[in-house]
Amino acid sequence: MSVPLPPGTGLENIDGEQIKTFKDFLISYNKLTEMCFLDCVSDFTSRNIKQAEDKCSLNCLEKFLKVNQRISQRFQEFQLLANENALATKQPAS
């Protein structure tokens, strides 16, 4: 499914799946930003970012990315196992 976009934008051939993927990325990015901001930023009296806030936000991001990677790995392992089980049940017993 193609989404109509104005001509001349260079985005005329983007399909709905690509838009959904990008939208999902933006939702995840916004959740991460909000979560880390609320957890780490507490001083609004200065324009400068304090070292503790900077370290906290980097740790928050790193933790989020590691957890996300681990969840993706487990999901892939689960899918592989499910596919193997599906193939095993389709094959006739010898």
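Author: Helices (H or I, at least four residues) and strands (E, at least two) are DSSP runs, numbered from the N terminus. The model is predicted, so local features need pLDDT of at least 70 and side-chain atom pairs pLDDT 80 or more, while totals for chains, interfaces and linings use all residues. Residues are numbered from 1 along each chain as its sequence is written, and side-chain values use heavy atoms, without hydrogens or water.

Reader: Which element gives the most to the lining of the largest pocket?

Author: The most, six residues, come from H1.

Reader: Is the pair of phenylalanine 25 and tyrosine 29 stacked or tilted?

Author: Rings of Phe, Tyr and Trp (its six-membered ring) pair if their centres lie within 6.5 Å; planes under 30 degrees apart count as stacked, over 60 as edge-to-face and the rest as tilted. Phenylalanine 25 and tyrosine 29 lie four residues apart in helix H1. Their centres are 6.2 Å apart with 25° between the planes, which makes the pair stacked.

Reader: Is phenylalanine 44 buried or exposed?

Author: Buried means under 20% relative accessible area, exposed over 50%, and partly exposed in between (1.4 Å probe, protein chains only). Phenylalanine 44 has a relative accessible area of 61%, so it counts as exposed.
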